[in-house]
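Reader: I've got a model open and I'd like to learn how to read it. Can we go through some features together?

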Amino acid sequence: MRIAALLVAALALGGLSACQQAALTSSVFLTAEAAAPVPTATLTYLNLPTITPTPAPRENEGVPTESIAGSDGTALATPLPESPTVVATPTSASYTVQPGDTLLALAMHYGLPMAAIQMANQMGGSTTLYAGQTLEIPAADAWRGASPFWTVYEVQSGDTVIDIAQQFGLDFVALVAVNELTDADVLHLGQALVLPLDVPLEVAAAPAATPPVVAAAASVATPAPVAADAPIAAFTPIAAPPAASTAPAEIAGWPAEVFARINAERAAAGLGPFTWNDTLAQAAYLHGLDCQQRGSCNHTGSDGSTVKMRVLRAGYPAIGAAECIVYSQTPQQAVFWWMDEVPPDDWHRRTILSTWVTEIGIAVVPNHLGSYYFIADFGRPQ
């Protein structure tokens, strides 16, 4: 049974979702008297700042010492550090480029991804350095857990998030979460995206690269969703959450049931289970209480917080975070609605079947419509 509809522009494209609310306003909000209520699902990420291209060097800035994307593929310079010791800077610092320096070597030396230096110095997607150039080296803490191969990509005409993920063999959810995109359907020409790579860009973009995640997902395009009355006793979840003592008795065990059903869907797709995380569950629960108090639920808190802000504030060390919300009557309906999406418009299903986010916390909070907010917060720790 579908139970409510909020039209807000975000990633959820199936049904009337909370992510459609901001786009079309509350004029389409359905009240508790709706005759045929239905579950509604939402998914969100955040935005990284837009990066402007690096201005052309002045004549007195010297000559280039590196261009990672050279046409012949050969190394144009040797690595910077004489010692392999990583110098992780607790605060930002300045560095003057020396002959022979490379962006990758600098990134590895300072314990940063290349993207951090590119963004701090408005380099866009360029990896070229110039002898005598002064670089701002950002603090490493904000980039903890990132590979040094993370790099900036500037959106080209006709690009989509799915196309970019395919081109570089990236997990769609990873690309969206790292860049904290609010709407994965909207990209702008020249927009700077961070590619969360574990290998050099040239290797990731090579024809022989690992098959893209989207193609892999297509091979399990329509795993049978768990039916509303399907038993789940045969599935043994990992680190299942305890029943929440603060939840009403009738729904105290529902987070654990949703957790088990989500992991059952992953098992059906040949994937390993998510690990339960109490901190993510607490962040989801607090957001549910906020939604309950204001009488509606989307991915922006009443204080303007986003999902990543909320999980960080709760104490979860996130590299990236995602969130699914559904208005539903039962755990079965909630998971079914998230999974009952057709590629490529299947943002919730992609999140549930993602291999990039690894942990999950779930909360269920009663709402004023006589149903419940089911909130699942996903994370990848540092």
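Reader: Let's start with helix packing. Is the crossing of α9 and α10 left-handed or right-handed?

Author: Before that, keep in mind that this is a predicted model. The α9 and α10 crossing is right-handed.

Reader: And at what angle do helix α9 and helix α10 pack?

Author: Helix α9 covers residues 278-294 and helix α10 covers residues 307-314; they pack at about 120 degrees, and their axes lie 9 Å apart. Angles of 65 to 115 degrees count as roughly perpendicular and those over 145 as roughly antiparallel, so α9 is oblique to α10.

Reader: Which residues make the contact?

Author: From α9 you have T279, L280, A283 and H287, and from α10 there are R310, V311 and A314. Sorted by class, that contact of α9 with α10 has 4 nonpolar, 2 polar and 1 charged residues.

Reader: How many residues apart in sequence are F259 and G361?

Author: They're 102 residues apart in sequence, yet in space their C-alpha atoms are 8.1 Å apart.

Reader: Now strands. In what sense do strand β6 and β7 pair?

Author: Strand β6 (residues 151-154) pairs with β7 in the antiparallel sense, over 4 bridges. In that pairing, T151 stands opposite L195 in β7.

Reader: Which way do the residues of strand β7 point?

Author: In β7 (residues 192-195), A192 and V194 point one way while L193 and L195 point the other way, and all are buried.

Notes. Residues are numbered from 1 along each chain as its sequence is written. This is a predicted model: local features need pLDDT of at least 70, side-chain atom pairs count only at pLDDT 80 or more; totals for chains, interfaces and linings use all residues. Side-chain values use heavy atoms; hydrogens and water are left out. Axes are lines fitted to C-alpha atoms, for helices over the stretch in contact, and angles run from 0 to 180 degrees between N-to-C directions. Helices (H or I, at least four residues) and strands (E, at least two) are DSSP runs, numbered from the N terminus. Angles under 35 degrees count as roughly parallel, over 145 as roughly antiparallel, 65 to 115 as roughly perpendicular and the rest as oblique. A crossing is left-handed if the near helix is turned anticlockwise from the far one by less than a right angle, and right-handed if clockwise. Contact means heavy atoms within 4.5 Å. Ala, Val, Leu, Ile, Met, Phe, Trp, Tyr, Cys and Pro count as nonpolar, Asp, Glu, Lys and Arg as charged, and the others, Gly among them, as polar. Buried means under 20% relative accessible area, exposed over 50%, partly exposed in between (1.4 Å probe, protein chains only). Two strands pair if DSSP finds at least two bridges between them.
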